[in-house]
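Let's take a walk through this model together, one region at a time. Have the viewer open so that you can follow along.

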Amino acid sequence: IIGTYPPSDTSINVSLMVNPPPVANAGPDKNICKGDSVTLGTPAIIGDTYSWSPSLWLNSSIVAQPNASPARDTTYILTVINTATGCKNTDTVNVTVNPALVANAGPNKIICKGDSTNIGTPAIIGDTYSWLPIAGLNSSIKAQPNASPAGTVTYTLTVSNGSCSDTSIVTVTVNSLIIASAGPDKNICKGDSTTIGTVAILGNTYNWSPSVGLNSSIIAQPIASPSSTTDYIVTVTNGSCSNTDSVRVMVHPLPLANAGPNQYICDGGSVQLGGAAIAGDAYIWAPTTALNSSTISNPKANPDITTLYTLIETDTSAGCSASSQVLVTVEPNQFYDGFSPNGDGINDFWDIPMLNCYPTNTVTIINRWGSEVWNGENYDNTSVKWTGENMNGENLPDGTYYYIIKYNNTEKRGWVFIKR
């Protein structure tokens, strides 16, 4: 209302200028994928100012055509003001944010030449899939095709759902075939060892089974010393590729090599050593001194002095050898003339070694007054022996005693002393 108040009878004519509002055009509604951006509005008109609300996710809230990258569905309001007239106008635009697609071609794969593998990940309803190149795939439009390429290939997967798409790549590396060689079969004697396998190849790993009898189960050429015949399997691996091979280690038993028990003989006596021969085995005795043969299983020995004989028996078919020893003790026809029965475990009884050769014997001890103080039948230095006591088990005094030893129609007389 233009004029005065209260009104008067005077009439006044006034011209009123009505300015048109500015053009506010926020542009058509938009659809984007999450993480993408879009341009809003229309080109600016000179003399107009622009304001967008909310300003969130805009690169500018005061330009005619800002770039919007909202994280969720958003309605933007554009306010346009003509600076000359002060008139304003508004418009709105809806930006719909669709969930982003994530293409997942799966982890890189390593296969052996001639093998195959699945690539990709499980399908999502509503998505479509496309693989390039198609070589080596059983399908180029499945989410998880089977790949069996002839060589290493990098596949690209494109996933779409109408408005959004994404890509991912996966490399299928094709390795050449692995050669596994456990080496030739081996023959060993029990207790011996042998090397199996072949020289290691750089990049390969090795695993042997069983591990029993091996100095290592994870090297290319372990030392094998099994106690019995064993089949070993080696698995050679390089990346995801592996191959196997086997080797037999035949374990041959050792000969018995029985030299027999230790023997006692008297001066001039002889004894038979060893035992029965085994067909196919060879025999060697050392030393050869005083043997009637050094190449048979059971020679006769008549050494002049105590001698340690060694027998080496060889299985000629397998080449395995074993050894054994026998001590032939030659007892001279003499004995000790004193002992010290003081309980110290040393020289506590009268040792008469020669009687080992004559188990049927009698030993009589007489004191200086001619009285018999001890008597023993079949003196053997073990269960029957004189320990310096009389027949009643009482210790005899230190001193010299007279003895009479009878054996093999022979009688020996002399003196023996006790010194505690």
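**Charged pairs, sheets and cores**

At 39% relative accessibility, Glu 411 counts as partly exposed; buried means under 20% relative accessible area, exposed over 50%, and partly exposed in between, with a 1.4 Å probe and protein chains only. Before we go on, please note that this is a predicted model, in which local features need pLDDT of at least 70 and side-chain atom pairs count only at pLDDT 80 or more, while totals for chains, interfaces and linings use all residues. Residues are numbered from 1 along each chain as its sequence is written, and side-chain values use heavy atoms, with hydrogens and water left out.

Glu 411 has a charged partner: its side chain meets that of Lys 406 in a salt bridge, at 3.9 Å from N to O. The term salt bridge stands for a side-chain nitrogen of Lys or Arg within 4 Å of a carboxyl oxygen of Asp or Glu. Lys 406 is partly exposed as well, with a relative accessible area of 43%. Arg 413 joins in, and Lys 406, Glu 411 and Arg 413 are linked in a network of salt bridges. Side chains of opposite charge can pair when their charged atoms come close.

The structure holds four salt bridges. One of them joins Arg 420 to Asp 398, with the closest N and O atoms 3.2 Å apart. Arg 420 lies in the segment after E29 and Asp 398 in the loop between E27 and E28, so this pair ties together parts that are 22 residues apart in sequence. Here helices (H or I, at least four residues) and strands (E, at least two) are DSSP runs, numbered from the N terminus. Both partners are partly exposed: Arg 420 has a relative accessible area of 31%, and Asp 398 has 38%.

Now look at the strands around these residues. An open sheet of five strands has the order E25-E29-E28-E26-E27, with mixed pairing; two strands pair if DSSP finds at least two bridges between them. At the edges are strand E25 (338-339) and E27, each of which pairs on one side only. E26 and E27 run antiparallel and are joined by five bridges, and Thr 364 stands opposite Asn 375 in E27. In a regular strand the side chains alternate between the two faces of the sheet.

What does the largest nonpolar core contain? It has 22 residues, of which Trp 350, Ile 352, Val 363, Ile 365, Trp 386 and Ile 405 touch the most other members. A nonpolar core is a set of buried Ala, Val, Leu, Ile, Met, Phe, Trp, Tyr and Cys residues joined through side-chain atoms within 4.5 Å. Strands E26 (361-366), E27 (372-377), E28 (399-407) and E29 (410-418) each supply at least two residues of this core. The largest share, four residues, comes from E28. Apart from this core lies another one, of 19 residues, among them Cys 33, Ala 105, Tyr 129 and Val 159.

Not counting residues up to four places away in sequence, Trp 350 touches a list of residues including Phe 335, Tyr 336, Val 363, Ile 365, Trp 386 and Ile 405. Contact here means heavy atoms within 4.5 Å.

Val 159 stands opposite Asp 166 in E12. Strand E11 (residues 153-160) and E12 pair in the antiparallel sense over eight bridges. Their hairpin has four residues between the strands, and there Gly 162 takes a positive phi near 105 degrees. E12 (residues 165-175) also runs parallel to strand E7 (residues 109-112), to which four bridges join it, and Cys 112 stands opposite Asn 175 in E12.

Our last stop is strand E17. Arg 248 forms a salt bridge with Asp 231, the closest N and O atoms being 2.7 Å apart. Arg 248 sits in strand E18 (residues 241-252) and Asp 231 in strand E17 (residues 230-238), 17 residues apart. Arg 248 is partly exposed at 38% relative accessibility, and Asp 231 is partly exposed at 40%. Thr 230, also in strand E17, counts as buried at 11% relative accessibility. Leaving aside its neighbours within four places in sequence, Thr 230 is in contact with Pro 210, Val 247, Arg 248 and Val 249.
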